[in-house]
Amino acid sequence: MNLDLNLLFALDALLEEGSVGGAARRLHLSEPATSRALGRIRAVLGDPVLVRSGRQMVLTPRAQELRTEVHALVERARAVFTPPGPPDPATLRRVFTVLADDVAVAFGPELLARVQAAAPGVTLRFLGEDPAADGEAQLRDGQADLDIGVVVDAPPEIVVEPLFTDRMAAVVRAGHPLATGALTPERYAAAVHVSASRRGRLTGPIDEALAELGLTRQVALAVPTFGAALVVVARTDLVGLMPWRLGRHAIEALGLVALDPPVALPAKEIAMAWHRRYEADGAHRWLRDRVRETVTGLAAE
């Protein structure tokens, strides 16, 4: 069978985007051309790949099975045909997927501006960290290019580069009773709190530190990100706790008050991680340089 390898790239785009229109934009093709490619793919695979469900298109079970394998094949093919050395950003055409939650809010706009200024053909796709997913597996399987955040106990095939260390800050709305006077452990524990945890955890290091003093706090709400917690803090009397450098711009934009926690808390080590297959990939190295410049520059302010 004569197989057009362009179909592999088209299939990858269709599986990643889940629509003909999205795949066409990613491939820089017209929608009719992409539809024709989908027709050929269906004939080769003997599977419809995408089927309509209401107003949306969804992947078939066979397509779901192929998604990770096809993406990995495309990445290996791209590496084979990528010239050695740094790419020309002006001609670079690539979609980079980054696992990040609050990093996207803290540094996303500045990173996008830096990327777009040099490489207008590059698209950044930030994905929230799924509590049921394994970030390391997503890096290993090629579903994500970078993971930016707290990275713990990474396996040998994952490269981890520390970016900066962040301290924790208690956050309240302007005019909150805790915003005036000394913030003692007793006053802090007596308040009502919001927890930011993508796994919905209600306790953490702050509770261990309070327990040593014989104190406990009430957590009334858990939300998946620090950004969501700040919105809640701005509209209620709940007290939030988040990394200062990650949340500083949002804290200032919302007019919130940041306070030093009344107990000692471990610092957060923010890092970026990637699979070793991308070590020599020129475009990936270019992206890492932009992340490093953006994150470390803003964190130092």
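Here is a quick tour, starting with the ground rules and then moving from sheets to spaces.

This is a predicted model, so here is how it was handled: local features need pLDDT of at least 70, side-chain atom pairs count only at pLDDT 80 or more, and totals for chains, interfaces and linings use all residues. Residues are numbered from 1 along each chain as its sequence is written, and side-chain values use heavy atoms, with hydrogens and water left out.

- Helices (H or I, at least four residues) and strands (E, at least two) are DSSP runs, numbered from the N terminus, and two strands pair if DSSP finds at least two bridges between them.
- β5 (residues 146-149) and β12 (residues 268-275) run antiparallel and are joined by 3 bridges. Gly 149 has Ala 271 in β12 as its bridge partner.

**The three-strand sheet**

- Another open sheet has 3 strands in the order β10-β7-β11, with antiparallel pairing.
- β10 (240-243) and β11 (257-259) are the edge strands with a single partner each, so one side of each has no neighbour in the sheet.
- Here the twist averages 40 degrees from one strand to the next.
- Strand β7 (residues 168-172) is joined to β11 by 3 bridges, and Val 172 has Val 257 in β11 as its bridge partner.
- α9 packs on this sheet and touches β7 and β10, with its direction at about 140 degrees to that of β10; contact means heavy atoms within 4.5 Å.
- α10 packs on the sheet too, touching β7, β10 and β11, and its direction makes about 115 degrees with that of β10.

**The second largest pocket**

- On a 1 Å grid over the protein atoms alone, a cavity is a set of points where a 1.4 Å probe fits but cannot get out, and a pocket is an open set with protein on both sides within 12 Å along at least five of seven lines; lining residues have an atom within 4 Å of a point.
- The second largest pocket has a volume of about 980 Å³, where grid points are joined across faces, edges and corners and a volume is the space filled by probe spheres set on the points.
- It is lined by 46 residues, and the closest to its centre are Arg 26, Leu 27, His 28, Arg 78 and Arg 93.
- α1 gives the largest share of this pocket's lining, 8 residues.
- The pocket lining has 17 nonpolar, 14 polar and 15 charged residues; Ala, Val, Leu, Ile, Met, Phe, Trp, Tyr, Cys and Pro count as nonpolar, Asp, Glu, Lys and Arg as charged, and the others, Gly among them, as polar.

**The cavities**

- The whole structure has 3 cavities of 30 Å³ or more.
- The largest cavity holds about 40 Å³ of space, and its lining has 6 nonpolar, 2 polar and 1 charged residues.
- The second largest cavity has a volume of about 40 Å³, and α5 gives the largest share of its lining, 4 residues.
- The lining of the second largest cavity has 7 nonpolar and 2 polar residues, and no charged ones.

Definitions and conventions
Axes are lines fitted to C-alpha atoms, for helices over the stretch in contact, and angles run from 0 to 180 degrees between N-to-C directions.
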